[in-house]
Each structure stands twice: as C-alpha cells, then as structure tokens.
Amino acid sequence: MTLSSAASAQPSTADAGKGAPGQAETAAATLAALRCAQPLLWLRPAAPAEGAAPDAGTRFRPELVLLARARFERFAPLLAELAPELAGSGGIIESPLLPVPAMQQSLGLGSADGRLYVKADHDLAIAGSIKARGGIHEVLQYAESLAMREELLRPGDDYRVLGGAAARACFARHRVAVGSTGNLGMSIGIIASLLGFQAEVHMSADAKAWKKARLRAHGVKVIEHTGDYEQAVAAGRAGAESDPYAYFVDDERSPALFAGYAAAALHLREQLQAAGIGVDADRPLFVYLPCGVGGAPGGIAYGLKMLFGEHVHCFFAEPVQSPCFLLGMMAQCGQAPGLPALPSVYDVGLLNRTEADGLAVPRASDLALAAMATRLAGVYTVSDDRLFADLARLHDSEGLRVEPSAAAGFSGPARVCGTPAGQAYLREHGLQDRMDHATHLAWTTGGRFVPPEEFEGFLQRGRNAIAADAARA
C-alpha cells in the first residue's frame with residue numbers, strides 16, 4: 001500500500017490544497033481550519049509577499065555554522081571527561097541515522113513513495129533531546145568567551161583546562177538562565193551545571209514534572225511559572241538583565257542557539273554519504289521537523305538548505321492547538337489579514353494546550369521566521385491523538401522510545417505523498433516521477449530520559465488511538 005491510499009483513510013484531515021487539482025486553498029479557509037484545530041498542510045508561496053520579513057542572511061551568517069561545528073570539536077575532550085555517556089564518542093554529541101522499514105510499513109509508505117529514515121535526536125546524550133545541539137553550543141560559546149576574557153584560555157589550548165579549579169571557580173561566580181517548556185531547560189541547565197556555572201531554568205506550566213526533577217537532581221535551580229512558554233522566557237530574561245554576572249539564553253532571538261542546531265546538517269551529510277544515500281534532482285530529500293518556537297527546526301533546515309539547496313524539502317510539524325510557526329509564516333507571506341505581524345495562536349482562538357510539551361509555544365521566533373522566509377517548504381499540523389498513535393507505532397515496529405512531540409514528524413510523508421496539497425507540491429517541483437528514489441527523514445526530538453512509567457502511559461494512549469482509528473475505518 002502507498003501513502004496515497006493510507007492517507008485518504010485517515011479522518012479529520014483538512015489540507016491547504018483541497019478543491020480543484022493544483023489549486024491552493026485560500027488564506028481565509030486555511031485560517032478557518034486552524035481556528036477549528038483541524039490537521040492541515042500549508043505550503044509556502046513560491047515568492048515572498050511584498051513587505052515580507054528580510055532573509056536571515058542579514059542577521060545570521062552561514063559561516064557561523066562551520067564555527068559552531070569547530071567549537072563542538074574543541075570542547076569534545078572536556079565533554080568526554082565531564083559526561084561519562086560521551087566517553088565512547090570522544091565527547092562528540094551526535095545521533096545515529098536509522099532506517100526504519102517496519103515503521104515505514106506501519107505508516108503505509110510503499111516503495112513507490114521512497115524510503116523512511118529516522119534522525120534519532122531523541123537519544124542525544126546529556127539532554128536526551130534535539131536541544132542538546134543548540135543549547136549546549138550556546139553555553140560552550142559563553143564559557144569559551146568568558147574564559148578567554150579572564151585569560152584562563154588561549155587559542156590553541158587544550159580545552160580540558162576548563163575543567164580545572166581556576167576555571168570552575170570563575171564559572172561558579174556566573175549564572176546561566178533560560179526559559180523553557182522542558183527540553184531546552186534540560187540542555188542548558190545540565191551542561192551549565194557540569195561546567196560549574198550556577199544554572200537557573202524558568203519552566204512554563206506545561207513542563208513535565210519529571211523534567212523538573214531531573215534538573216534539580218543535577219543541581220539546577222528550577223523556577224516554576226503558572227503561565228506559558230512565552231511568560232517563562234520573559235521572566236527569565238527580565239531576571240538576568242539587571243545582573244552583570246548573569247547570562248540569558250534567549251530561545252526566541254539567539255544566533256548561537258541557531259548555529260548549534262544548524263551544525264547538525266554537516267554531520268547528517270556525512271551519514272547520508274556513508275549510507276550511500278544521494279541527494280540530487282533525481283533523489284530528493286524530505287525532512288520533517290517538529291516545531292515549537294522554531295529555533296531548532298529552523299537552524300537544521302537552514303543548514304540543510306545551505307548544503308543541499310533545492311534538492312532538500314523541509315516541512316515543520318506543529319500541534320493543532322499550537323501552530324505558531326504556521327501563523328508566523330502566513331503573516332510574513334501576507335496571508336493573515338487582521339492579525340499582528342508576529343501573531344500568537346491566541347489571536348486565532350486556540351488554546352496552546354498539547355501533550356507535546358516541547359511544541360507548546362504561542363508565538364514563533366522572528367529570527368527563525370526570517371531564516372525560513374525563502375527556505376521552508378511548508379508546515380503541517382497534527383492532533384495529539386496522532387502523535388500518540390505514531391509514538392506507539394514507532395515503539396511497536398522498531399523498538400524506539402520517543403516522547404509525544406518527537407513523533408510529530410511521522411505523519412509528514414502521508415501529508416506530502418497522500419493529500420491534494422502534497423500532490424500539488426510534488427507537481428510544482430517536478431517530483432511526482434522521482435518519489436521512488438526519495439528519502440523521507442523524520443527528525444525525532446526527545447525521549448531518552450522519559451521515565452518508564454510515563455512512557456507506558458504514552459504507549460497505552462497511542463495504542464488506544466490506533467484502535468479507535470481502526471474502529472472508525
């Protein structure tokens with residue numbers, strides 16, 4: 001069975017492309033579907049609208065991606081000493097590229113639609129999520145800058161000197177803070193604590209209790225807020241502004257975070273080459289990235305477009321109640337009349353409530369939106385039930401354990417290959433006859449440290465969702 005038939009059997013799917021073949025759904029109809037929390041696929045217009053946000057090239061330089069990779073390599077010997085789980089990799093923080101043929105079959109992806117892989121960032125060391133990339137990179141950049149300023153480190157030094165008493169005494173006088181729904185907080189908090197900084201994480205109301213507990217177990221100060229992600233970030237930012245010894249990691253505005261995420265593309269290129277997977281006009285690469293504020297998927301997509309250009313097609317995945325990046329893209333494309341230039345999901349009556357805590361963000365990063373203005377293929381939304389169902393499918397077919405937000409990528413191939421909007425995209429890019437050589441890559445984003453009892457609850461809910469779908473069919 002191909003995805004064309006599998007997708008058509010799935011209920012409650014609205015696509016920004018229904019109607020006459022090749023005809024995009026109107027912006028008004030797309031906004032109406034968003035307000036009703038209906039799953040849909042939105043495609044970026046080929047040309048940005050007049051007055052759209054400027055390209056991120058004026059705010060983010062491609063060479064920062066190479067500098068980030070070099071920084072990871074300089075710090076690798078120190079990280080191998082500080083984090084036992086990195087000893088085997090020599091301090092390099094990377095995840096495997098996994099073929100998932102059983103999951104491909106479970107999703108109804110036939111050979112005519114290409115092959116499915118997982119980029120397993122759910123298993124990244126230290127943080128157990130994709131946030132180990134950007135978050136750790138920014139703290140390393142800050143530590144490097146501070147150590148050089150205090151003359152504790154010189155170019156060419158062995159970075160293991162930063163594990164010594166003098167550096168740790170210096171770092172202990174400084175505070176690293178961040179606002180988070182959970183995973184970025186774990187990344188920043190744990191690496192900052194390992195280096196000897198005072199670490200402080202402002203957690204939003206939807207952050208999971210086990211993530212707070214894990215941070216506290218690492219000596220991180222956790223400040224709980226009753227508001228959402230945006231409010232936690234604002235509180236953390238305000239608390240750091242008046243303290244000369246405080247450094248705030250700003251998930252909404254940080255080029256250093258963005259560069260850390262983008263560096264992942266360089267390693268993925270090596271993994272694809274090692275696996276004999278080509279990326280060119282006849283072998284397109286489709287990448288599906290779960291999206292919250294947009295920094296992690298935006299950085300990765302930026303890096304991938306830098307390397308593969310028109311031959312890679314990046315789609316972001318968001319919960320139906322938290323499609324902040326989709327709204328932001330529509331606004332900068334001139335498709336959101338009556339909404340602010342940087343809209344919130346609350347502006348269209350959505351609740352920003354989802355079990356995918358890492359994706360529960362009301363407003364997108366303007367840095368990431370600018371970066372994706374000419375690079376992103378599209379955005380699709382997914383229900384919580386579908387997240388849990390795909391989480392269960394992945395576990396039962398491949399034995400992989402992810403959290404709900406990390407399952408968002410798996411409904412991407414069906415949206416591209418099996419919906420009118422997806423078919424319109426393939427026609428527009430001349431890809432319909434090349435899909436048998438396509439590579440679909442679902443980028444998983446978290447799950448390594450989910451407690452067993454919590455995961456069992458996820459699994460049961462997912463199996464129940466699968467059973468309910470089968471009964472409706």
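Reader: What should I know before I start?

Author: The model is predicted, so local features need pLDDT of at least 70 and side-chain atom pairs count only at pLDDT 80 or more, while totals for chains, interfaces and linings use all residues. Residues are numbered from 1 along each chain as its sequence is written, and side-chain values use heavy atoms, with hydrogens and water left out.

Reader: How do helix 5 and helix 10 cross, and within what distance do their axes come?

Author: Two packed helices are described by the angle between their axes and the distance between the axes. Here, helix 5 (residues 131-149) and helix 10 (residues 255-262) have axes that come within 7 Å and cross at roughly 130°. Helices are DSSP runs of H or I, at least four residues, and strands are runs of E, at least two.

Reader: Which residues make the contact?

Author: Contact means heavy atoms within 4.5 Å. Helix 5 brings K131, R133, G134, G135, H137, E138 and Q141, and helix 10 brings A256, L257, A259, G260 and Y261.

Reader: Which residues of helix 8 are buried?

Author: Buried means under 20% relative accessible area (1.4 Å probe, protein chains only). In helix 8 (residues 209-217), those are W210, K211, K212 and L215. Their cover includes helix 7 (183-195), strand 5 (198-203), strand 6 (221-224) and helix 18 (452-472). After helix 8 comes G219, with a positive phi near 80°.

Reader: What about residues 90-418?

Author: That stretch is 42% helix and 15% strand, with its end C-alpha atoms 43 Å apart.

Methods: Axes are lines fitted to C-alpha atoms, for helices over the stretch in contact, and angles run from 0 to 180 degrees between N-to-C directions. Buried means under 20% relative accessible area, exposed over 50%, partly exposed in between (1.4 Å probe, protein chains only).
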